[in-house]
Amino acid sequence: MQKRKLGNGGLEVSEIGLGCMSMTSGYGAPPERQEAIRVMRQAAEMGVTFFDTAEVYGPFKNEDVVGEALAPFKGKVVIATKFGFQLHEDFSPGFSGTNSRPERIRLVAEESLKRLRVDVIDLFYQHRVDPDVPIEDVAGTVRDLIAEGKVKHFGLSEAGAQTIRRAHAVQPVSALQSEYSLWTREPEEEIMPTLEELGIGFVPFSPLGKGFLTATVTAETEFASNDFRSRIPRFASEARAANQRLVDVVSGFAKRKGATNAQIALAWLLGRKPWIVPIPGTRSLERVRENVGGAAVHLSPEEVAELSEASAAVKIEGARYPDEFMKMSGR
């Protein structure tokens, strides 16, 4: 697989990465630990060098399994993890708010290094902007961790344009991670021009619309209670029925190109900008192979524009997050 650079600091990764959250939580019952390890190691063998995790996934469990899975590839892969949430006192799933106080960032860094079995964190994201801590203090703390050799690169997640600028002025931001796909186009308005101006890479999560764009989710699909999509307005049955029109657009392109829907959705992202690296999440080896294959699907600039226009013509029904999550995005 080809490589792409995120930001101006020399961070180079495979053009398609792997989001690892579902290996332990988020989308119903997770796989057995050894199966999750097998999938991640096979992904690395296929050329994936960019893996995404976070302290809050599990919590802690995800970093631990990612660390074990990728230990044989130390120095050959890039592992991104995140700080910024306040976990429950009993460490049960979820979080009780944001917490990016400098002492908390330092604690998360030390513990993440241990769980990931690495000497330095390749990419350290602020998971969500903390309204109670100036972003300059956050960036300054990560800058100090970089100077101490504990972190290589600084990232933000779901941050607004002004926050990105303020953080970047203190410590150069290598990457922004936010939701972006054919059915989540908001970053195109202000975020992407800001990233291009400042020389910051973009890492879209949920590039396949949390599975919806793959044509494997219909209005009749039933989600388990521990599947996060059961709480998302965009995944209500009525919304899925209305949003099927977008899937039909993608399916039409897939048929023309002899590819799958997932591959078209990923190829579109790769064709948008050379500094975009999507991280589709999966726990299936078959899906990893399919997603990696998306890098081999070439869309001409004219095809990218055609797909952009056709998808934009479909009015998407439903918010992409429940209210409590939306309030933490774009700060």
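Colleague: Over which ring does the charged end of Arg229 sit?

Modeller: In this predicted model, the ring is that of Phe235, and the charged end of Arg229 lies 6.0 Å from its centre. For such a contact, the CZ atom of Arg must also fall within 35 degrees of the ring normal. A second case is Arg256, whose charged end sits over the ring of Phe253, 4.5 Å from the centre.

Colleague: How many aromatic pairs are there?

Modeller: Rings pair if their centres lie within 6.5 Å. The count by this rule is twelve aromatic pairs.

Colleague: Why is the pair of Phe85 and Phe95 called stacked?

Modeller: Planes under 30 degrees apart count as stacked. The planes of Phe85 and Phe95 are at 20°, with ring centres 4.0 Å apart, so this pair is stacked. Phe85 belongs to strand 6 (residues 85-86), while Phe95 is in the loop between strand 6 and strand 7 (97-98), so the pair links parts of the chain ten residues apart.

Colleague: Where in the chain are Trp183 and Phe212?

Modeller: Trp183 is in the loop between strand 10 (173-179) and helix 6 (191-198). Phe212 is in the loop between strand 11 (201-205) and helix 7 (237-257), 29 residues apart from Trp183. Their ring centres are 4.8 Å apart and their planes at 10°, so they are stacked. Both Trp183 and Phe212 are buried.

Colleague: Which residues do ring pairs link into a cluster?

Modeller: The cluster consists of Phe85, Phe95, Phe228, Tyr321 and Phe325.

Definitions and conventions
Residues numbered from 1 in each chain as written. Predicted model: local features only at pLDDT ≥ 70, side-chain atom pairs only at ≥ 80, totals over all residues. Heavy atoms only, no water. Phe/Tyr/Trp six-rings, centres within 6.5 Å; stacked < 30°, edge-to-face > 60°. Helix = DSSP H or I, 4+ residues; strand = E, 2+ residues; numbered from the N terminus. Buried < 20%, exposed > 50% of the residue type's maximum accessible area, 1.4 Å probe, protein only.
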